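Thanks for coming, everyone. I'd like to walk you through a few pieces of this fold, so let me put it up on the screen.

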Amino acid sequence: MKTYLAALGLASAFCAQAALTVDRVEPPYWWTGMNNDTVQVMLAGPGIGSTTASVDYPGVKIVEDVEGVTDNYKILYLTIADNAAPGNVKLNLKPAKGKGTTVDFPLHARTWKGTDNPGFDASDVLYLIMPDRFADGDPSNNDIDMKYKYRYDRTSNNARHGGDVAGIRKNLPYIDSLGVTAVWVNPVLENDIHGGSYHGYSTTDYYNIDKRFGTNDEWREFVADAHSRDIKVVMDMIFNHSGSTHPWMDDMPMADWYNHPDGNVMTNHRLVTIHDPYASDKDMDEVVNGWFTRGMPDLNQRNRHMMNYLIQNSIFWIEDSHIDGIRMDTYPYADLKEMGRWIAEVEREYPNFNIVGECWYPQESSEAFWQRNSAVNGVDPNLKTVMDFKYPLSGKKAFFEKTADRNGGFNIIYDHLAQDFLFPNTDFILTFLDNHDTDRFLDSIPENLGSWRQAMAFLLTSRGIPQIYYGTEILMNGTRANGGDGNVRRDMPGGFPGDEVSVLDFSGMTDQQREAFDYLSKLLHWRKGNDIIAKGKLKHFIPTKGQYVYERRLGDRAVQVILNGTDEPQNLIAERITEILPTGTVRRDVITGKNVTISPELVLEPRAVLILEDVK
């Protein structure tokens with residue numbers, strides 16, 4: 001009898017262990033009324049790959065149960081008819097033997113129609129924020145249990161500092177007062193990885209905000225609050241790679257889910273290889289398929305189901321939280337054709353949506369290669385907006401160099417803009433002087449703000465979509481050579497409990513910081529809604545004796561900018577610019593509010609900047 005009972009106990013235990021469970025459902029829900037009526041559902045759980053799936057919900061059908069998926073995954077494609085009602089779809093999974101299970105897959109009514117999303121464009125100015133370093137609005141999430149160990153330590157540049165979504169939301173009044181129209185937020189999805197990955201570029205969960213940054217609800221609330229202030233939100237995403245501790249790395253859904261899954265090939269980072277007509281197969285494989293780092297394994301976008309997963313993920317975040325744009329990290333490292341398909345699918349749902357790709361090149365031709373309708377790319381990349389890395393790579397020299405010869409100073413900018421014929425659409429170039437991956441524009445606190453003022457003025461009045469890195473307005477400075485990446489990602493003073501000085505409430509600003517903030521804020525508020533700057537044509541003159549003059553014109557309205565790039569006062573070389581500013585013309589200086597008469601007697605102070613508009 002005891003033997004029988006023991007055997008029965010073992011059998012019961014075995015049955016209990018063999019119970020069918022589903023650990024993850026991705027996406028967790030979807031919407032009716034989408035333009036694409038098909039949704040991929042990925043289920044993860046022990047042994048579910050061999051189950052038979054069925055659904056009994058009006059207007060919903062399983063059209064594909066993907067073959068070749070490993071045993072602990074099931075990938076289904078559902079079609080959702082136009083007449084399907086919102087509700088809870090039951091996905092039934094039945095194994096060959098034993099009891100099956102039912103998985104809930106909610107369908108919500110779509111509320112964020114495609115044309116509701118305005119996207120972002122040259123009328124906007126983006127304010128780039130690294131959440132961990134901006135402000136800590138909820139200290140309770142700083143030191144919490146995660147699967148992998150990490151350090152919360154504000155004394156270390158490489159540890160977590162505690163900034164979060166709540167901190168950004170709390171300081172929206174400050175951001176609004178500055179005058180920007182959009183915030184680009186570095187990645188906020190889960191990075192449960194050794195060391196903590198404070199920067200956010202090692203995704204381990206594509207459908208959840210990292211708990212140390214907050215929750216999905218908090219993210220939605222932040223976006224809604226930003227929108228209430230007419231501030232757009234651009235979300236940072238990474239489709240080239242995941243984090244090395246993503247569950248996929250231990251158990252891949254398909255054998256080719258990752259490129260070089262054993263991690264024996266690293267990228268060579270030589271992005272010119274992609275458009276090199278003589279490139280070897282080996283070099284091409286390394287740059288596109290190699291891992292970005294040991295902690296960032298390379299996703300295989302050529303796997304149809306992987307790419308569909310990524311496409312749906314971006315659509316999920318747009319529909320779920322109403323973001324206005326996406327900045328895609330390491331764009332050229334992913335598959336060119338498949339990323340083009342991703343953009344097409346996003347725009348199928350949101351026609352006005354804007355995506356900017358990080359295409360890090362030191363030369364204009366390579367940047368232009370990646371823009372939509374490129375004449376030099378045999379495959380249309382379909383990318384609306386590219387990043388102009390020439391600015392941060394040469395901006396310091398252009399604005400701080402004392403020489404006025406033809407190869408230095410403002411001639412660097414002139415020569416750069418002269419290459420714009422390569423770009424299909426110069427309105428959709430993201431311009432910036434620094435970001436989280438570069439040195440700060442300022443190496444240190446300057447003695448005076450002359451060159452800094454000129455750089456800010458040029459950024460905000462030239463072509464393209466400007467981006468400002470958080471802290472620029474208070475003269476935050478630093479280089480990677482003197483402290484690593486953390487030195488250019490320092491905490492915003494006053495954003496964290498215990499800070500002795502706060503700039504976010506203006507009380508802790510030095511006189512020089514307040515001068516910089518007020519100058520930048522005045523420019524930004526003037527720029528807001530200014531169609532001449534957003535849409536006007538650009539005309540510029542070869543810099544002469546350090547003087548750089550250019551115009552933005554829209555119809556019969558115009559704004560002219562005059563810069564003196566020397567440390568000496570100079571008389572305006574008025575005869576060179578009569579086609580846009582005839583001698584005797586009276587204009588109003590945006591910064592001072594004073595009228596300015598154009599003549600050879602007009603004295604330009606050292607490092608002067610005049611932004612001229614119609615006299616009111």
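Predicted model: local features only at pLDDT ≥ 70, side-chain atom pairs only at ≥ 80, totals over all residues.

Residues are numbered from 1 along each chain as its sequence is written, and side-chain values use heavy atoms, with hydrogens and water left out.

Two strands pair if DSSP finds at least two bridges between them.

Back to strand 20, which covers residues 547-554 and is joined to strand 19 by four bridges, the two running antiparallel. They belong to an open sheet of six strands, in the order 19-20-21-26-23-24, with antiparallel pairing. Which strands stand at the edges? Strand 19 (537-540) and strand 24 (595-597) do, each with a single partner strand, so one side of each has no neighbour in the sheet. On average, neighbouring strands here are turned by 30° against each other, direction ignored. For angles, axes are lines fitted to C-alpha atoms, for helices over the stretch in contact, and the values run from 0 to 180 degrees between N-to-C directions.

Now look at what sits on that sheet. Helix 12, residues 410-417, packs on it and touches strand 19, strand 20 and strand 21 (557-564); contact here means heavy atoms within 4.5 Å. The direction of helix 12 makes about 40° with that of strand 20.

Helix 12 has a helix partner too. Helix 11 (residues 390-400) packs with helix 12 at an angle of about 145°, and their axes are 7 Å apart. From helix 11, K390, Y391, S394, K397, A398 and F399 meet F410, I412, I413, H416 and L417 of helix 12. By class, that contact has seven nonpolar, two polar and two charged residues. The classes go like this: Ala, Val, Leu, Ile, Met, Phe, Trp, Tyr, Cys and Pro count as nonpolar, Asp, Glu, Lys and Arg as charged, and the others, Gly among them, as polar.

Is strand 3 mostly buried or exposed? Six of the seven residues of strand 3 (38-44) are buried, so this strand is largely enclosed by the rest of the structure. Buried means under 20% relative accessible area, exposed over 50%, and partly exposed in between, with a 1.4 Å probe and protein chains only. Strand 3 pairs antiparallel with strand 1 over three bridges, and E26 has M42 as its bridge partner. With strand 6 (residues 73-80), strand 3 makes seven bridges, also antiparallel, and A44 stands opposite Y73 there.

That E26 has another feature: the peptide bond from E26 to P27 is cis, with omega near 0°. P27 lies in the loop between strand 1 (24-26) and strand 2 (30-32).

Helix 8 also meets helix 9. Helix 8 is residues 304-321, helix 9 is residues 336-349, and their axes come within 10 Å and cross at roughly 35°. The contact residues divide into seven nonpolar, two polar and five charged. Among the pieces involved are I311 and I318 in helix 8, and W342 and V346 in helix 9.

Most residues other than glycine have a negative phi. H269, however, has phi near 60°, and N373 has phi near 65°. H269 is partly exposed at 40% relative accessible area, whereas N373 is exposed at 55%.
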